[in-house]
Amino acid sequence: MNTNDKFNFKIKIEKYFKYWKWIVFSVLLSLSVAYVYQRYLTRIYKVSSTILINDYRRAGFNSEISAFTDKFSVYNQNRVSIDNEKEFIKSRENVGEVIEDLHLNITYYSDGNVKSEDIYKKSPIRLVFTDSIRNSEQEGYGFFEVDKKDDYHFQLLDSEKKTLGVFPYNDPIEVGGFKFSIQKEAEFLSSKLATIYIQIEPVRNAVERFRDRIIIDNPGEETSVCEITFTDRSPERAIDFVNQLVKVYEKSTILDKKRQIKNTYDFVNERLADVDNVLSNTETSDESYKRLNDIVDVDLESGLSLSKREEFSNKMNENKTTIYLVESVLKEMYNDQLDYIPSNIVPTNQILMGQMIKYNEDISDFNKFSNGTFKTHPDLIEKREKLIAQKKSIIDGLNNFIKKLQQENDYYAQKYHIVLNKIGRLPNQEKEVTRSQRKIGVISETYKYLMNKKEETAISLYSVSANSKVIEKAFCSFIPIYPSKKIIYLVAFVLGLFIPILIIYCLILLDTKINNKKDVINKLSLPYLGDISVSKSKIIHAMDRDTVAESFRIVRANLEYVLKTLPNHANKCKKIFITSTVPKEGKTFVGVNLALSFAQINKKVLLIGMDIRNPKFEEYLPTINAQMGLTNYLFQEGASIDQFIQEDVINNISVLASGMIPPNPTELLLNKKIEELFHDLEKKYDYIIVDTAPVSLVSDTILISKYADAFVYVLRHNYSEKKYLDEIEELQRENKLSNVSVLINDVPTNKGYGYGYGYGYGYGASHSKSSFWDKWFAKFKFI
């Protein structure tokens, strides 16, 4: 495949540059439409406000008091979630309150140049509902036209321009289910607006319309800053709405907190009364239990009981030991012996111990006295009897002492068992007392906690703050975010540029006609002779200097270059066959004028008409005899070709016309006289130009192609199909036509392809003088 078949970006672009005027016109038209469009399009403004939310999870803020409270403190109600607050800010309740406060469900308009204009805060009048409930609960829509009659009266019309009456300002009116009055504003006297349109919509509808335009965003995940944005066609209304929304939100949070704190305060008071009652009952029950069980302090009672138990146990053991010792001594004393008695066995009985000491002293004296004294001595006997009496008295004393000790032991045992019983009851008593004390302690702590909360709640009622703090009030740059002039003009420019290019692309894509040289050379590898411009004349004269004449001269020069490739071309007659694919492509026009072009350089030229089925020479050469020619020669046996050639018809050109139209043209062209004809004529002429039949309709041209030195294949601009090029390529490849060159005929003069000329030819058409408008529209003609 030829390298010309490859994609060539420059060639593609050139196809569109040919229509640059149409593209420029489309862009300018699109920009003009964009200007008008954005000029009367409703402008939308954006207003934003920044607040700081007290989000306990992020870097929010807390009140000074809440910094000293525990996590259950009512002050910590300031700690909220930013996600919840974002939804609460634009709640229907808050938005509805803002709309009611600012009366945003009532809109005022005035007549503009093209459309009505919103005159928020510019209206010289305002509508005031006389029924205060009506504005918040009214269900229907209302539309009224207020026409100023004078400074004191106005005419009221409904949406259908029906007059409802003339009313004075500030007087109550009841129409269409609405009760209102029209009041003057401060701008009434200075305003030039004579007609005001008032539109009323239900508050709930306005709430939805306003909520849809609220956007609340959190710029950073680590911050609790919220940006509230709102869009509206009136920047003043948007500013008022956002500021009021923040105020309503702050007021709502404060009221909500106060309500919560008041409920908390009431709850704490109720709980204090209940806890105080429970505490009093518990303390009374604890007191009764201690009194009943004779308990002051369980720990103290436990210590005392253990001490008494030890004491009583020791006492009984001491007494038992003493009794044992005394009884042992008594066993030794029940005899007639006068022995010493241990006196320390009864340390607790001083009298008995004294008797025993005295008895032991008397025994000592008796023993001293009895030494050396007869046993029958009366003093000895008397002393003896006296000691026996003392001993008996001591024995009786010891027995009495033993009884006393036994009585004491019985007493101690009784006390000991009482103490043991009391100690046995102490764990249960301790449990009951501990439980009671614990209950009293818990209730006391609860009571103390509630008392603290009561004071804290009472203080917090007078120190409630909002959940937010305004960082930046509502701000508007007063530059509309919609429509964006840059975007509109950019889109308009793109559309103005794209649409004609798309149309051109579609036309090029759907165009199956041959329009220029590149269509041919990119498809065929054959020599290209040039373009023939549109001509108003069928014959090109020697003195012509227009583009048509010059284009034929270029074709002639290129054709001579092609013919130089022939053997002995310098001394040989050149036989040039002119053909095309279908009729009306201008092959006869090209053949006649090409012959004239060669004649202009003093060449002897013969023009032969071999399109014997559809001869056209007489249209271009009206002086010839079209009925005498080639077919006559072929039919007549022995006739000489010279008698059928018409010499010097025009500008030294000889013509052999087609002659009469035969019934069997194919068989006629197979006549051996054709070969003889060319053999004879090539000796007499420098150039033989042959007008042949179209190759796609009949085989006539193929039959005589062997006589041709070169073929000039004529294509017609915007008439010949591109598929014809495939047929030409096939004919060349199969050697049915030899030495083929191609040219395009009938090329418009406004299409130039590198030769510095415009081209064109109207095949068989008449050309009238173009008017001004024809010339103007011709500039924007696509094809």
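1. The expected span of a helix is taken as 1.5 Å times one less than its number of residues, and helices (H or I, at least four residues) and strands (E, at least two) are DSSP runs, numbered from the N terminus. Helix 14 (residues 587–599) has 13 residues and reaches 18 Å from its first C-alpha to its last, close to the 18 Å expected at 1.5 Å a residue.

2. The model is a predicted one, in which local features need pLDDT of at least 70, side-chain atom pairs count only at pLDDT 80 or more, and totals for chains, interfaces and linings use all residues. Residues are numbered from 1 along each chain as its sequence is written, and side-chain values use heavy atoms, with hydrogens and water left out.

3. Helix 11 (residues 485–510), with 26 residues, spans 36 Å between its first and last C-alpha, close to the 38 Å expected; buried residues in helix 11 include Ile-488, Ala-492, Gly-496, Pro-500 and Ile-504.

4. An open sheet is formed by 4 strands in the order 11-12-1-13, with antiparallel pairing, where two strands pair if DSSP finds at least two bridges between them. Strand 11 (214–217) and strand 13 (468–476) are at the edges, each with a single partner strand, so one side of each lacks a neighbour in the sheet.

5. Strand 11 pairs with strand 12 (residues 225–232) in the antiparallel sense over 4 bridges, and Asp-217 has Glu-227 in strand 12 as its bridge partner.

Methods: Buried < 20%, exposed > 50% of the residue type's maximum accessible area, 1.4 Å probe, protein only.
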